[in-house]
Amino acid sequence: MSDLHKEVSELERKSATAARLFDIRRIIGGLFVVYGVIVTIAGINPSDADLKKAEGVHINLWTGLAMLALGIFFLVWMKVRPAQVPDEAPGTPES
């Protein structure tokens, strides 16, 4: 029985690790941070034509900062409330 208990514990640990690894908040947050950095860098020094087109607003800078904030929000949310693996999968009969 001890070996079976050990195997079940190992599978539960692997399942919890996989749930945290493939948490959609990590993917969304990471993408928003990466694209936010790119757009913010592009918006730091806009050309005169870009400013005229945006009616004087540094649109890339503000959009990049907003994307950074959203990405950081998702990553902090993931850290504060990590994904929980359900005790039993839906649709499986109880033993």
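Q: What share of the residues in the chain is buried?
A: Buried residues make up 14% of the chain's 95 residues. The label follows relative accessible area: buried is under 20%, exposed is over 50%, and partly exposed lies in between, with a 1.4 Å probe and protein chains only. This is a predicted model, in which local features need pLDDT of at least 70, side-chain atom pairs count only at pLDDT 80 or more, and totals for chains, interfaces and linings use all residues. Residues are numbered from 1 along each chain as its sequence is written, and side-chain values use heavy atoms, leaving out hydrogens and water.

Q: How confident is the predictor in the chain?
A: Confidence is given as pLDDT, a score for each residue from 0 to 100. The chain has a mean of 82, and 74% of its residues reach 70 or more. Helix α1 (residues 2–21) has the lowest confidence, with a mean of 68. Helix α4 (residues 59–80) has the highest, at 95.

Q: What elements make up the chain?
A: There are 4 helices and 0 strands. Both are DSSP runs numbered from the N terminus: helices are H or I with at least four residues, strands are E with at least two. From the N terminus on, the order is α-α-α-α.

Q: Why does Arg25 count as buried?
A: Its relative accessibility is 10%. The cut-off is under 20%, so Arg25 is buried. Arg25 sits in helix α2 (residues 24–44).

Q: What makes Asp23 and Arg25 a salt bridge?
A: Side chains of opposite charge can pair when their charged atoms come close. The rule asks for a side-chain nitrogen of Lys or Arg within 4 Å of a carboxyl oxygen of Asp or Glu. Here the closest N and O atoms are 2.7 Å apart, so the pair qualifies. The count by this rule is 1 salt bridge. Asp23 is buried too, because its relative accessibility is 9%.

Q: What does the side chain of Arg25 reach at 2.8 Å?
A: It reaches the backbone oxygen of Arg81. A polar contact is a pair of N or O atoms within 3.5 Å; within protein, one must be able to donate a hydrogen and the other to accept it, and residues adjacent in sequence count only if both atoms are side-chain atoms. At 2.8 Å, the Arg25 pair falls inside that distance.

Q: Which residues does Val33 touch, not counting residues up to four places away in sequence?
A: They are Met67, Leu68, Gly71, Ile72 and Leu75. Contact means heavy atoms within 4.5 Å. Val33 lies in helix α2. Its C-alpha atom is 9.3 Å from that of Leu65, 32 residues apart along the chain.

Q: Why does Val33 count as partly exposed?
A: Val33 has 22% relative accessibility.

Q: Is Trp62 buried or exposed?
A: Trp62 is exposed, because its 56% is over the 50% cut-off. Trp62 is found in helix α4. Trp62 and Gly36 are 26 residues apart in sequence, yet 9.7 Å apart from C-alpha to C-alpha.
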